[in-house]
Amino acid sequence: MQAAITSYRQIGYRKTTVADVARGASMSPANLYRFYPSRHALEEAVVTELLEQVSMAAASAARSGRSGLERMSAVMSAVSRMHEDRLANDVRLHELVVAAGQANWVACLSHADRLRGVVRSIVAAGQLCGEFRGGSPMALACCLLDAMDAYLNPSRIKATALRPAFGEMMRFCAGALGNTAFANSVPPQLIHVQTDLLYKSAC
């Protein structure tokens, strides 16, 4: 897999052959096929590895912060930042992830499920403490992820269309998720602190 990642990074996944990867791994193509039955299987394994890095970053971010909004903002920021960094520093690997997502590879569908699970758990916890409004946690998670798709979807990261800044969109989503009764019970100065923390986290 590391040999494949190196080749994809250097010449791109479209130009890389099984023979190239086998040579980089110091083995024959026939031996490589013992581990990966096809070129697609190898490519999917690489995409799985790359997206698992994003999933791990999201899960780690979900454990940071005290409020649900802080944790949610940290998760969205971590995912967006990793895709942006890959586009800037490993554009050929980014192209592979984009192609896999557009073709609905299993690796991408599994990653989407994991991210929905992370966001759903934050929503559910926020509902239990009264921070977020009621409703199906999964439905609210899906709505939030759809709203933030332009910042989380690798194929849209480079889009030049006019769109709100990341922090502005997160504040909009926070307003949609928020429990009015909970917000009214919090001292105004604390609300200002939470808003400032959310803005700094998003930036």
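**Close-up 1. Helix 4 and helix 5 in this predicted model have axes that come within 8 Å and cross at roughly 155°.** An angle over 145 degrees counts as roughly antiparallel. Helix 4 is therefore roughly antiparallel to helix 5. Their crossing is right-handed. Helix 4 brings Leu50, Leu51, Gln53, Val54, Ala57, Ala58, Ala61 and Ala62 to the contact. Helix 5 brings Arg71, Ala74, Val75, Ala78, Val79, Met82, His83 and Arg86. By class, twelve residues of this contact are nonpolar, two are polar and two are charged.

**Close-up 2. Helix 4 (residues 39–62) and helix 7 (residues 106–128) cross at roughly 5°.** Their axes come within 9 Å. The two helices are therefore roughly parallel to each other. On helix 4, the contact residues are Glu44, Val47, Thr48, Leu51, Glu52, Val54, Ser55, Ala58 and Ala62. On helix 7, they are Val106, Ala107, Cys108, His111, Arg114, Leu115, Val118 and Ile122. The contact of helix 4 with helix 7 has eleven nonpolar, three polar and three charged residues.

**Close-up 3. Helix 7 packs its buried residues against helix 4, helix 5 (68–89), helix 6 (91–102) and helix 8 (137–147).** Buried residues of helix 7 include Ala107, Cys108, His111, Leu115 and Val118. Val119, Ile122, Val123, Ala124 and Gly126 are buried too.

**Close-up 4. Helix 7 spans 33 Å from its first C-alpha to its last.** It has 23 residues. Its reach is close to the 33 Å expected at 1.5 Å a residue. Gly130 follows helix 7. The phi of Gly130 is positive, near 90°.

Technical notes:
Residues numbered from 1 in each chain as written. Predicted model: local features only at pLDDT ≥ 70, side-chain atom pairs only at ≥ 80, totals over all residues. Heavy atoms only, no water. Axes fitted to C-alpha atoms, helices over the stretch in contact; angles between N-to-C directions. Helix = DSSP H or I, 4+ residues; strand = E, 2+ residues; numbered from the N terminus. Parallel < 35°, antiparallel > 145°, perpendicular 65-115°, else oblique. Contact = heavy atoms within 4.5 Å. Nonpolar A, V, L, I, M, F, W, Y, C, P; charged D, E, K, R; others polar. Expected span 1.5 Å × (residues − 1). Buried < 20%, exposed > 50% of the residue type's maximum accessible area, 1.4 Å probe, protein only. Left-handed = near helix turned anticlockwise from the far one by under 90°.
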